[in-house]
Amino acid sequence: MPNKRWIAESLFDTLGFRMTYAIERVLYQTQTEHQHLVLFEHKFFGKMLMLDGATQVTTRDEFIYHEMMTHVPIFAHGKAKEVLIVGGGDCGIAKEVLKHKSVARLTQVEIDASVVAFAKEHFPKFTKPVLADKRFDLVIDDGMDYVAKTDRRFDGIIVDSTDPQGPGKVLFTRKFYAACKRCMTAGGVLVTQNGVPFLQPAELVSSVGHFRSLFADAGCYIASIPTYVGGHMAMGWATDDKRLRAVPLGTIAQRYRRAGRPTTRYWTPEVHKAAFALPRFIVEQLAHAKAR
Ligand code: SAM
């Protein structure tokens with residue numbers, strides 16, 4: 001591909017490797033108040049958003065992460081009415097949450113207004129249905145400050161954050177998770193974007209360690225997302241209701257039918273259950289996750 005410009009994801013520079021993508025067209029590039037943002041067209045992955053050199057979302061594989069961060073906690077909980085998203089700029093997760101008619105109110109707390117503004121222009125498939133939905137409200141704030149101050153209580157909290165760098169760093173601290181617990185209803189569930197264990201083990205071990213000191217049930221479930229390179233992506237799991245991860249397959253399938261079988265391309269009741277079956281190397285990593 002002579003004369004093609006390539007863009008590198010710098011997230012794993014410290015590990016000595018970079019994913020690079022051939023750019024068809026740069027659609028948007030700016031330094032926001034909080035982070036560097038670039039959106040470009042890629043011939044296979046479609047539109048790709050990078051924040052501070054890390055791939056956030058692509059139109060080609062977004063469904064995997066967005067569905068697994070949403071339908072697993074909501075179908076496991078079974079009666080989630082009040083849901084909070086921390087981060088979630090592009091509104092891909094919000095779109096999935098609002099497929100659940102049983103959800104009465106969805107609040108998204110995003111630190112960077114320009115990410116949402118630009119998503120309106122470049123990811124209308126996400127933002128249009130979300131911003132038109134009366135159940136949705138958007139708060140521009142640091143997620144840490146919001147969960148520390150709010151008097152609302154949530155059945156589900158979904159942390160769709162950047163990696164533990166820049167504005168996202170605080171969202172991986174015990175202080176943040178403790179503040180999330182404070183604003184959860186009894187038996188509520190917290191799920192978190194927790195990196196790729198094969199390449200970012202410390203991130204997962206640290207979060208699960210914090211979860212273990214705060215919640216009765218702590219761990220993670222997994223899915224593979226092509227542009228979150230490095231194999232399995234871990235989604236942190238924390239709740240005081242130990243029954244949620246053990247909800248039988250039949251019950252998950254029944255809840256899915258009762259919810260009107262919302263359209264999915266990755267999540268199924270079987271995939272939901274299987275996602276908690278962790279490979280041994282991740283189980284061994286989590287063995288080091290001491291409550292702290
Ligand atoms: N799915 C992506 C991933 O796994 O890397 C994340 C997508 S979403 C774009 C991440 C969002 O988190 C960004 O819009 C960013 O602005 C937001 N964010 C980062 N730190 C935040 C904070 N402290 N409070 C609220 N939102 C934050």
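Predicted model: local features only at pLDDT ≥ 70, side-chain atom pairs only at ≥ 80, totals over all residues.
Which backbone N or O atom lies 3.0 Å from a nitrogen atom of the ligand? The views below take up this contact and its surroundings.

View 1. A nitrogen atom of the ligand lies 3.0 Å from a backbone N or O atom of proline 167, a polar contact being a pair of N or O atoms within 3.5 Å. The protein covers 99% of the 590 Å² of accessible area that the ligand has on its own, as given by the Shrake-Rupley method with a 1.4 Å probe. Isoleucine 111 places a polar backbone atom 3.2 Å from a nitrogen atom of the ligand, and glutamine 56 has a polar side-chain atom 3.2 Å from an oxygen atom of the ligand.

**View 2. Residues around the ligand.** Among the 25 residues around the ligand, those that come nearest are Gln35, Glu110, Gly143, Asp160 and Tyr228, where a residue counts as near if one of its heavy atoms lies within 4 Å.

**View 3. The chain as a whole.** The chain has 10 helices and 13 strands, which are DSSP runs of at least four residues (H or I) and at least two (E), respectively. The C-alpha atoms fill a box of roughly 55 × 45 × 40 Å along the principal axes.

Residues are numbered from 1 along each chain as its sequence is written.

Terms used. Heavy atoms only, no water. Polar contact = N/O pair within 3.5 Å; in protein donor to acceptor, adjacent residues only side chain to side chain.
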